[in-house]
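Subject: Structure handover

Dear colleague,

Please find below the structure I promised to pass on, with my notes following it. I would be glad if you read the notes with the coordinates open beside them.

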Amino acid sequence: MKRETLKKRLGNRYRFEEKLSLEEVKEIQRQNVKGFCECNVSVLTAGCVRISAVLYRSGGSLRLGYDILVRESLDALEWICYDNPNDEVSLEEDRMLAVLDRVVRENGLSYTESSFRRLKGKSRKPV
């Protein structure tokens with residue numbers, strides 16, 4: 001789906017955040033600080049789905065990967081990790097959107113509605 005179409009459809013529920021530049025990521029990778037765990041580098045939120053470019057430790061080096069997250073509704077605060085596609089990572093909005101859109105289409109996900117059926121179970125009442 002094209003960015004303009006999604007922005008029009010989702011309004012303020014479409015957001016792209018670049019937290020670190022590619023140059024900053026390369027410098028962090030070069031320094032390879034031992035205590036470094038992981039951080040989001042770029043995040044594209046489109047309604048009920050999100051793709052994050054994540055810098056993470058694997059073995060002895062820092063690598064970039066994608067996390068695909070989903071949420072139950074447009075207003076839900078909690079995100080659930082859904083997938084980690086092996087696509088080549090780009091920090092560019094259009095390329096991240098292309099990966100996200102492919103995952104959405106291939107897995108029957110939705111930008112605006114829950115893609116999962118609600119399970120009935122016991123619930124706790126507040127004290």
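Contact, as I use the word here, means heavy atoms within 4.5 Å, and helices (H or I, at least four residues) and strands (E, at least two) are DSSP runs, numbered from the N terminus. In that sense Arg3, Leu6 and Lys7 in helix 1 meet Glu93, Asp94 and Leu97 in helix 3. By class, this contact of helix 1 with helix 3 has two nonpolar, no polar and four charged residues, where Ala, Val, Leu, Ile, Met, Phe, Trp, Tyr, Cys and Pro count as nonpolar, Asp, Glu, Lys and Arg as charged, and the others, Gly among them, as polar.

Before going further, please note that this is a predicted model, in which local features need pLDDT of at least 70 and side-chain atom pairs count only at pLDDT 80 or more, whereas totals for chains, interfaces and linings use all residues. Residues are numbered from 1 along each chain as its sequence is written, and side-chain values use heavy atoms, with hydrogens and water left out.

The protein chain has three helices and five strands, which follow the pattern α-β-α-β-β-β-β-α when read along the sequence. The five strands form an open sheet in the order 1-2-3-4-5 with antiparallel pairing, two strands being counted as paired if DSSP finds at least two bridges between them. Strand 1 (14–18) and strand 5 (80–83) are the edge strands, each pairing on one side only. Within the sheet, strand 2 (residues 38–46) and strand 3 (residues 49–58) run antiparallel and are joined by eight bridges; leucine 44, for instance, has isoleucine 51 in strand 3 as its bridge partner.

Helix 3 (residues 93–107) packs on this sheet, touching strand 1, strand 2, strand 3, strand 4 and strand 5, and its direction makes about 110° with that of strand 3. For such values, axes are lines fitted to C-alpha atoms, for helices over the stretch in contact, and angles run from 0 to 180 degrees between N-to-C directions. Helix 2 (residues 22–31) lies across strand 2, strand 3 and strand 4 (61–70), running at about 130° to strand 4.

Which residues does glutamate 93 touch, not counting residues up to four places away in sequence? They are Arg3, Lys7, Tyr14, Phe16 and Leu44. Glutamate 93 is buried, with a relative accessible area of 15%, where buried means under 20% relative accessible area, exposed over 50% and partly exposed in between (1.4 Å probe, protein chains only). The side chains of glutamate 93 and tyrosine 14 are joined by a polar contact of 2.8 Å, that is, a pair of N or O atoms within 3.5 Å, of which, within protein, one must be able to donate a hydrogen and the other to accept it, while residues adjacent in sequence count only if both atoms are side-chain atoms.

Serine 110, in the segment after helix 3, is also buried, with a relative accessible area of 18%. A polar atom of the side chain of serine 110 lies 3.1 Å from the backbone nitrogen of threonine 112, and a polar atom of that side chain lies 3.0 Å from the backbone nitrogen of glutamate 113.

Lysine 19, found in the loop between strand 1 and helix 2, is partly exposed, with a relative accessible area of 45%.
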